[in-house]
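Open the model in your viewer and keep the selection tool at hand. We will go from stop to stop, with something to pick at each one.

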Amino acid sequence: MGHMRLVIVGAGGRMGRALTQAVTEQDGTEVVAAIEREGSEFLGKDAGELAGVGPLGVAVSDDPLTAFANSDGVLDFTAPAATLWFAELAAQARIVHVIGTTGWADGEDEPLKAAARHARIIKSGNMSLGVNLLASLVRKAAAALDSDFDIEVIEMHHKHKVDAPSGTALLLGQAAAEGRGIDLPTHSVRSRDGIMDPRKTGDIGFATLRGGSVIGEHSVVFAGQGERIELTHRAEDRQLFARGAVKAALWGFDQKPGFYSMADVLGLNA
């Protein structure tokens with residue numbers, strides 16, 4: 001394989017810039033297009049200059065159709081509605097679509113599976129190696145510990161993050177539910193306020209903290225009688241998510257069309 005030609009969507013945002021930098025630092029990949037929404041202040045600007053890596057000769061545009069048709073893959077950390085549209089275009093172009101978008105409503109991402117009949121879609125609530133290993137450990141711990149151990153997922157992010165719980169927290173909650181053999185939506189507790197009934201056995205609780213510039217901290221607590229187990233991941237550099245997304249794209253280049261996760265990329269489902 002020669003250089004993998006990648007499109008960055010949401011190129012002017014924090015993650016878009018991080019993705020541009022990660023692609024330029026990874027051997028075997030290049031940024032061939034950068035996309036922003038119609039009317040964006042970033043249209044026409046050089047994607048490399050926006051990312052702080054120097055000019056790339058790639059002007060930000062609002063024409064994803066042409067960009068996708070002339071690429072091998074797209075890196076997408078945007079918003080659910082935009083991602084669904086990009087997935088349709090990726091399916092038409094039969095390319096790799098790496099999705100780090102979070103904030104999905106229940107069932108909102110189902111159309112992605114239809115797009116995966118033609119595209120190679122890799123979707124994860126978190127693209128880091130550490131978080132996906134953490135999810136594997138959470139799944140095993142939940143299976144090993146009985147329901148006498150209550151499960152709580154705690155997450156903290158910067159004050160600008162708008163979705164809660166985070167995609168990573170939900171990924172970890174889903175791993176815990178799979179370990180227990182239960183359905184997460186019917187056992188998920190997202191908020192507690194005022195006088196409440198005692199905690200129900202089998203529930204998985206979520207606590208959300210927002211403030212400052214925290215990139216991402218996640219803990220899963222298994223609280224038993226007289227003992228507590230805590231599994232924690234702290235992200236210190238946004239680039240780790242971007243680097244993971246680029247590695248996912250390279251992995252997906254040689255795969256058949258389908259719907260994949262970072263666990264597949266890392267061989268954790270083998």
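Select Gly 107. Is Gly 107 buried, exposed or partly exposed? Its relative accessibility is 45%, so Gly 107 counts as partly exposed. Buried means under 20% relative accessible area, exposed over 50%, and partly exposed in between, with a 1.4 Å probe and protein chains only. Gly 107 sits in the loop between β5 and α5.

A note before moving on. This is a predicted model, where local features need pLDDT of at least 70, side-chain atom pairs count only at pLDDT 80 or more, and totals for chains, interfaces and linings use all residues. Residues are numbered from 1 along each chain as its sequence is written, and side-chain values use heavy atoms, with hydrogens and water left out. Helices (H or I, at least four residues) and strands (E, at least two) are DSSP runs, numbered from the N terminus.

**The seven-strand sheet**

Colour the strands β3-β2-β1-β4-β5-β6-β12. In that order they form an open sheet with parallel pairing. Two strands pair if DSSP finds at least two bridges between them. At the edges stand β3 (60-61) and β12, each with a single partner strand, so one side of each has no neighbour in the sheet.

Zoom in on β1 and β2 (residues 29-35). Six bridges pair them in the parallel sense. Val 9 has Ile 35 as its bridge partner in β2.

Next, show α9 (residues 239-253). Helix α9 packs on the sheet and touches β1, β2, β4, β5, β6 and β12. Its direction makes about 150° with that of β5. Contact means heavy atoms within 4.5 Å. Axes are lines fitted to C-alpha atoms, for helices over the stretch in contact, and angles run from 0 to 180 degrees between N-to-C directions.

Move to β6. Four bridges join β6 to β5, in parallel; Ile 99 partners Lys 123. Towards β12 (residues 258-260), β6 pairs over three bridges, also parallel. There, Arg 120 partners Gly 258.

**Helix α4**

Select residues 80-93. Buried residues of α4 include Phe 86, Leu 89 and Ala 90. Among the elements covering the buried residues are β1 (4-9), β4 (73-76) and β5 (96-99). Just past the helix, Arg 94 takes a positive phi of about 60°.

Now pick β8-β9-β7-β10-β11. These five strands form an open sheet with mixed pairing. Seven bridges join β7 (residues 150-157) to β10 (residues 216-223), which run antiparallel. Ile 154 stands opposite Ser 219 in β10. Helix α6 packs on this sheet, touching β7, β10 and β11.

Finish with α6 (residues 129-144) and α7 (residues 167-180). Their axes come within 7 Å and cross at roughly 30°. That makes α6 roughly parallel to α7, a label for angles under 35 degrees. Contact residues include Leu 134 and Val 138 of α6, and Leu 171 and Ala 175 of α7.

Conventions: Parallel < 35°, antiparallel > 145°, perpendicular 65-115°, else oblique.
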